[in-house]
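Trainee: Could you take me through this structure, giving the general idea behind each feature before the particular case?

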Amino acid sequence: RGGIGTDYVKLNPRLKEFDDPITGERLLAIPAINIDIALIHAGAADPYGNVQHVGTGFGDRAHHRAADKTIVTVDKVIPNEEVRANPYRTSIASVDAVVRAPYGSHPFASPGHYLEDAAHIREYVAAATTRLKDGNRAPFDEYLRKYVLEPSNHAEYLSRIGFERILSLYE
């Protein structure tokens, strides 16, 4: 509904207006995005790609189904015996690759493992807001340099966050 009456259809020929066959309402059909690789994070998975979320993992399941391949980072790689002992916790089966990355969801939470880092999220939002509202790139460029460009690996990134802060997030 949101695109009806706009120039979106003129600008993107892949979009199509149509009449809903049930209500007759004018709607906009938007083709699905083709996802080559979905990168997701979960609490645990076995080496065979059986992923177990704490909570629903609903969005992750949708991304996995839409993608040609899925790589999942996890806080913990668990034995297949643990997956078989609790099969109801398996939210995604047979991803293409499992990568152990403790705190791999940081600054966001990994339910059952650690909480979101609200202070870090505020730091990012402040830098991005300054860039968008004032046009001042310096704080955002500094954020990118410090947390994205300079750390050469995940351990270096976590080191920048700091041991005490990481421990304070543990559930």
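**Reading exposure, strands and sheet**

Mentor: In this predicted model, Ala 32 is exposed, because its relative accessible area of 61% lies above the cut-off of 50%. Ala 32 belongs to the loop between β2 (26-29) and β3.

Trainee: How far apart in space are Ala 32 and Leu 132?

Mentor: Ala 32 and Leu 132 are separated by 100 residues in sequence, and their C-alpha atoms lie 29 Å apart.

Trainee: In which sense do β1 and β2 run, and how many bridges join them?

Mentor: Strands of a sheet pair through backbone hydrogen bonds, in either a parallel or an antiparallel arrangement. Here β1 (residues 16-19) and β2 run antiparallel and are joined by four bridges, with Phe 18 having Leu 27 in β2 as its bridge partner. The hairpin that these two strands make has six residues between them, and in it Gly 24 adopts a positive phi near 80°.

Trainee: What is the order of the strands in the open sheet?

Mentor: The open sheet consists of five strands with mixed pairing, in the order β6-β4-β3-β5-β7. Since β6 (90-92) and β7 (97-100) are at the edges and each has a single partner strand, one side of each is left without a neighbour in the sheet. The partner of β6 in this order is β4, and β4 (residues 51-52) pairs with β6 in the antiparallel sense over two bridges, with Gln 52 opposite Thr 90.

Trainee: Which strands does helix α2 touch?

Mentor: Helix α2 (residues 58-66) packs on the sheet, where it touches β3 (35-45), β5 (67-77) and β6, and its direction makes about 140° with that of β5.

Notes:
Residues are numbered from 1 along each chain as its sequence is written. This is a predicted model: local features need pLDDT of at least 70, side-chain atom pairs count only at pLDDT 80 or more; totals for chains, interfaces and linings use all residues. Side-chain values use heavy atoms; hydrogens and water are left out. Two strands pair if DSSP finds at least two bridges between them. Contact means heavy atoms within 4.5 Å. Axes are lines fitted to C-alpha atoms, for helices over the stretch in contact, and angles run from 0 to 180 degrees between N-to-C directions. Buried means under 20% relative accessible area, exposed over 50%, partly exposed in between (1.4 Å probe, protein chains only).
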